[in-house]
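Reader: I would like to know what lies behind the labels given to this structure. Please take them one at a time.

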Amino acid sequence: RASVLNRKGLSDPFVKVTPFINGARGIMRKTPFIRDDLNPQWNHIFTWDIEGAQSVSRICFEVWDDDSGKFVFNSDDPLGMVDVVVAGKEKEWTYPLQPLPNQNRTRTGDTFS
């Protein structure tokens with residue numbers, strides 16, 4: 001669930017997805033934003049080229065509120081993040097969102113699944 005940020009009481013959330021391949025940060029991909037939604041769902045597939053013995057150890061999901069076109073300085077607002085260890089995840093899980101580094105507030109009740 002995305003947090004309330006604008007005057008209408010809604011957010012324009014999107015997700016930055018970053019894999020960690022053999023412990024190194026991979027290429028970040030972004031979902032499209034979903035306008036005016038507090039409970040967004042993305043059925044989005046990303047692919048990364050992983051060669052040979054490389055493996056994905058974890059995936060970081062950062063949830064942001066899109067502010068493009070709203071202000072002179074387009075400054076997207078962080079909503080939270082989830083860092084998922086990949087090994088042994090054969091079923092769906094729900095994770096509480098955590099504050100992003102340098103984010104000074106925690107939004108309680110927000111989840112990512």
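Author: The model is predicted. In it, the charged end of Arg58 sits over the ring of Phe20, at 3.6 Å from the ring centre.

Reader: What makes the charged end of Arg58 count as sitting over the ring of Phe20?

Author: The distance part of the definition asks for CZ of Arg within 6 Å of the ring centre. Arg58 is 3.6 Å from the centre of the Phe20 ring, so the distance meets that cut-off.

Reader: Why is the contact between Arg58 and Asp83 called a salt bridge?

Author: The cut-off is 4 Å between a side-chain nitrogen of Lys or Arg and a carboxyl oxygen of Asp or Glu. For Arg58 and Asp83 the N to O distance is 2.5 Å, therefore the pair qualifies. The pair links distant parts of the chain, with Arg58 in strand β4 and Asp83 in strand β5 (residues 77-85), 25 residues apart.

Reader: Why is Arg58 called partly exposed?

Author: Its relative accessibility is 28%. Buried means under 20% and exposed means over 50%, so a value in between is partly exposed. Asp83, at 37%, is partly exposed as well.

Reader: How many salt bridges does the structure hold, and how do you know that Asp12 and Arg35 form one?

Author: There are two. The closest N and O atoms of Asp12 and Arg35 are 3.8 Å apart, and the limit is 4 Å, so this pair also counts as a salt bridge. Asp12 lies in the segment before β1 (13-21), and Arg35 in the loop between β3 (29-30) and β4 (56-65), 23 residues apart.

Reader: Is Asp12 buried or exposed?

Author: Buried: its relative accessible area is 1%, and the label applies under 20%.

Reader: What makes Phe46 and Trp48 an aromatic pair, and why is the pair called tilted?

Author: The structure holds one aromatic pair. Phe46 and Trp48 are 6.0 Å apart, centre to centre, and ring centres must lie within 6.5 Å, so they pair. The planes are 50° apart; under 30 degrees would be stacked and over 60 edge-to-face, so the pair is tilted. Trp48 itself counts as partly exposed, at 22% relative accessibility.

Reader: What elements does the protein chain have?

Author: It has seven strands and zero helices. Buried residues make up 31% of its 113 residues.

Methods:
Residues are numbered from 1 along each chain as its sequence is written. This is a predicted model: local features need pLDDT of at least 70, side-chain atom pairs count only at pLDDT 80 or more; totals for chains, interfaces and linings use all residues. Side-chain values use heavy atoms; hydrogens and water are left out. Buried means under 20% relative accessible area, exposed over 50%, partly exposed in between (1.4 Å probe, protein chains only). A charge sits over a ring if NZ of Lys or CZ of Arg is within 6 Å of the ring centre and within 35 degrees of the ring normal. Helices (H or I, at least four residues) and strands (E, at least two) are DSSP runs, numbered from the N terminus.
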